[in-house]
Amino acid sequence: MNIKFNQLSSAIRFLSIDAVQKANSGHPGMPMGMADVATVLFKYHLRFNPKNPNWINRDRFVLSAGHGSMLLYSLLYLTGYKSISIEDLKKFRQLNSICAGHPEYKKGTGIETTTGPLGQGLGNAVGMAIAEEIFKKKFGSNVINNKTYVIASDGDLMEGISHEAMSLAGHLKLNNLIVFFDNNKISIDGPTSLSVSDNYKKRCESYGWSFLEVNGHNEKQISKAISKASKSNKPTLISCKTIIGFGSPNKSGKASSHGSPLGDEEISLVRKKLKWSSKPFEIPEEILDEWKKIGDKGEQLEKAWENTIHKKNPKLKSELEEKYINCDLKTLEKLIEKEKTKYFETKPSMATRQCSMAAIESITTKLPLLIGGSADLSGSNNTKTNNSKIINSKNFNGNYIHYGVREHGMGAIMNGVALYGGLIPYGGTFLIFSDYCKPSIRLSALMGLRVIYIFSHDSIGLGEDGPTHQPIEQLAGLRAIPNLNVFRPADVNETLECWEIALKSHNTPSVIALSRQKVPYINPQNSKKNKCENGAYTVHITSHESNVTLLASGTELELALKVQEKLKENNIHSKVVSMPCMELFDKQSKEFKEDIIEESSLVVTLEAGSITHWHKYIKNKGLNLGIDKFGESAPYKEVYDHFNLTEEKITSLIQKKLRE
Ligand SMILES: Cc1ncc(C[n+]2csc(CCOP(=O)(O)OP(=O)(O)O)c2C)c(N)n1
């Protein structure tokens, strides 16, 4: 039997509307509207192998409009991915179902990224396309030549992040990136004319993108546009004029089909209109077979690819997989040890941002997988080193990206680079502007990606730039994100150790907060052991019967040691603990924690920022010293004094507290 094109797309439409109806929540309109575009893409163009969702050279498909998740789940089921069965589709939006409300990244499932916050997927796709170019340059275009396809909605393109990501993609001439714009002119509040009158063609042209327009329900037009886009020397946006809720007699073209079940009555009208007599979740065998055939082609595609690379070099595949995709960190430990010993001998005073630069410079000699960058603050974040080679549109044989002033885009792009596999992205800005990329950081954590955020100028210690640039609540906000390690190293030794932990954290992103101002070398003894690994360690004790425990992070460790001296002059003994990473400390055993923070002593925490996350360490007594106001513009020592963060003031506060 000859299966017609619209029977294939109807399968997506009905799985989507029936699953949404069964869950009694979800978004049917978008999958109904984009079913034709998706069918053309999967049937004729996308190179994928459901039997091996991890095939390195597969085309990436990103559903940036994550609310239309049923479109993706239907496609994965129909083409034969093991990750999604018909039973899973019936459990759409239920606890522990792979078919979550919005797509949630899980390696090896065909779900390439977590989407839902609009615009993020588009940013991820730019990162994937950059990663592909880097690999292509390393291994040749007959080895790596995949494309990245995206479905983006009106909402995706309204979000500011889409501007940042598309602008950089145009600048880098990422011709491996093809975006389908679901131009249905409907969003939640109604017609998009309520809020937007952008000229998308001109917008794309100004970014350096190709712009094509098609009827999103016309098989030939869509396919022709994809072929044309594939030959472009720029990224392409294909504006697909579609009807949201296509096939629904009363709800198509209307916002009412966007985000709620159509209802049984309307669904039976859609069945009539689209001539679909099958029951919910039943796909006629011949249609399912046709879809499976589309999926099955992937195995051949992958085999042919394997043959090509085998001919080129029989060892290439294993090198690709072992050395790159699985990220070789074997040499890292030795390297960090060597660097630590070097600095123990010289004991340099350096700003921790400079310590980080030194760490990066040595790590990149061994790890070509590290892809750095900064949102236009390279010199300030110290992310660029003598080993940095700039990536540009003419040359992807590099390891450093000038992201421009695009923090949000940078975060989403780094997530995409990490998702592609085989590369470890790090990117910098000022800690204050972590707020500008917070949604992407949250997604790094939610997806469990090894992305390293380098945030310098981490306190009032930046001085004269004043309260707009002095972070106060930023560390607290970041520490509130689950599965994110927030490091604040105190000297070069800790900075090296924090970098080592970040690189070894395969499923957890890291923030490394760094100082603008110099700090002394503090590490009391050289050890192979990574002292930051447990989150905190004792730096100096004046007597084993100390009655004060000073707990500090980053630049305030120096202050804590000065306070300790002053206390000693007054016959008060104390212990100074460095806490470079709260998250790691909080995971340690009760015994370890009690050994570090002795309940019998007066616990004083010290960090030039919000005290929010320090409360938990002082129990009933003790002092949380920090700043819960906006900063001040002045030379930094004066700002510290203004906020009572000096050894004299802190010492007398502690003395007063001990007398209480
Ligand atoms: C960052 C972000 N803001 C808001 C939302 C909530 N939201 C989900 S879909 C949507 C807009 C829907 O319009 P469109 O993107 O055109 O999708 P369509 O109606 O075509 O399915 C909004 C505001 C979101 N998911 N992400």
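A polar contact is a pair of N or O atoms within 3.5 Å; within protein, one must be able to donate a hydrogen and the other to accept it, and residues adjacent in sequence count only if both atoms are side-chain atoms. The model is predicted: local features need pLDDT of at least 70, side-chain atom pairs count only at pLDDT 80 or more, and totals for chains, interfaces and linings use all residues. Residues are numbered from 1 along each chain as its sequence is written, and side-chain values use heavy atoms, with hydrogens and water left out.

**Exercise 1. Find the atoms that Gly-116, Gly-155 and Asn-184 place by the ligand.**

Step 1. A backbone N or O atom of Gly-155 sits 2.8 Å from a ligand oxygen. For Gly-116, a backbone N or O atom is 2.8 Å from a ligand nitrogen.

Step 2. Take the side chain. Asn-184 brings a polar side-chain atom to 2.6 Å from an oxygen of the ligand.

Step 3. Check the cover. On its own the ligand has 580 Å² of accessible area (Shrake-Rupley method, 1.4 Å probe; for residues, only the protein chains shown count as cover). The protein covers 73% of that area.

**Exercise 2. Explain why Glu-299 and Lys-51 tie together separate parts of the chain.**

Step 1. Glu-299 and Lys-51 form a salt bridge (a side-chain nitrogen of Lys or Arg within 4 Å of a carboxyl oxygen of Asp or Glu), at 3.4 Å from N to O.

Step 2. Glu-299 is in helix α11 (residues 285–312), while Lys-51 is in the loop between α2 (29–45) and β1 (60–63), so the bridge joins parts 248 residues apart in sequence. Helices (H or I, at least four residues) and strands (E, at least two) are DSSP runs, numbered from the N terminus.

Step 3. Contrast a local pair. Glu-87 and Lys-90 also form a salt bridge, with closest N and O atoms 3.2 Å apart. They are 3 residues apart in helix α4 (residues 86–90), about one helical turn.
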